[in-house]
Amino acid sequence: MSDTPDTPGRTVDLTVDIDATLDEVWEALTTGDGIARWFAPYATVTPGVGGQIGVGWDPNEIWDAPITVWEPLQHLQTVSEMPTKDGGVVRLAVDYFLEARGGQVRVRLVHSGFDDSESWDGYIDGLDAGWSYFLVNLKHALERHRGIARRQLSARFKTHAPAGVDHPVFGATGLAVRPAVSSLGPGDACHLTIGGDEVAATVAATHPPRTIAFLVPAWNDALLFIEREGLKETHTLGVWLSLYGVADTAAAPLAAGLSTLRTTLGVADA
């Protein structure tokens, strides 16, 4: 496995072990179809150093990141530039390091380029929450739904909720969770109601108070991810349902439930 580059400052550094081959994991990271099964539903790749990876949750809004390291089956790096509040630009890198270990592949993700200032605290915490979930989704897609295209249903909208408390999304008309989300941790059993359908679920990942994800066996091992983008009272809420091999007739009431959720909790931009 390639050595981690010298990255002074703060990083998000996460690892997941996956029951798959190096070829399968590399394909999931470096092809449009592979990326769409676990990350953004719209993805394109121009391979090799000097190429780029484009991802988006809206086909009309694709974010491109240049590829700066391309070592097949070992190391992928993309780099992007982000404007700062003082008018400058910071260069951020995302590295994936792959290593075969005892019949599995260890994927190490390093998101770097942040300095030590407190101004990055919220952003880094949000990245840690998001990447932690997406690595769960990568593992899930490769181990449980290898080669199967994903259908992603979603609802994303502005809403209200005080910081430090369970979000009202968990008791709304479109979605309910029991027991209380604040009592749940990874591996805990619970029940979800969405689109009028109550099903058993297991918590797949959680990063309070920003994110929680559920594995739903009744929906052919679907993943439901709920993300609070920002911790202010008015913020954006995202609800993302990853379905694999689920018939249209089963997906329709779930899509209706998400629509009801948006109508129930959505507010005008503040």
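Asn220 comes out as partly exposed, at 37% relative accessibility; on this scale buried is under 20% relative accessible area, exposed is over 50%, and partly exposed lies in between (1.4 Å probe, protein chains only). Asn220 sits in the loop between strand 12 and strand 13 (222-229), and its phi is positive, at about 55°, although it is not a glycine. Strands here are DSSP runs of E with at least two residues, helices are runs of H or I with at least four, and both are numbered from the N terminus. The model is a predicted one, so to speak of local features takes a pLDDT of at least 70, and side-chain atom pairs count only at pLDDT 80 or more, while totals for chains, interfaces and linings use all residues. Residue numbers run from 1 along each chain as its sequence is written, and side-chain values use heavy atoms, with hydrogens and water left out.

Leu73 also has a positive phi, about 70°, without being a glycine. Its place is the loop between strand 4 (61-71) and strand 5 (75-83), and with a relative accessible area of 29%, Leu73 counts as partly exposed. As background, most residues other than glycine have a negative phi, and most peptide bonds are trans.

On the peptide bond side, two cis cases turn up. Going from Arg178 to Pro179, the bond is cis, with omega near 0°, and Pro179 belongs to the loop between strand 9 and strand 10. From Pro208 to Pro209 the bond is cis as well, with omega near -5°; Pro209 lies in the loop between strand 11 (197-207) and strand 12 (211-216).

Arg178 leads back to strand 9, which covers residues 175-178. One face of this strand, Leu175 and Val177, is covered, whereas the other, Ala176 and Arg178, is uncovered. Strand 9 pairs with strand 10 (residues 189-194) in the antiparallel sense, over four bridges; for two strands to count as paired, DSSP has to find at least two bridges between them. Across this pairing, Ala176 stands opposite Thr193 of strand 10.

And what about Asn137, buried or exposed? Asn137 is part of helix 3 (residues 121-144), and it counts as buried because its relative accessibility is 1%. Leaving aside neighbours within four places in sequence, Asn137 is in contact with Arg37, Trp38, Arg150, Leu223, Ser242 and Tyr244, contact being heavy atoms within 4.5 Å.
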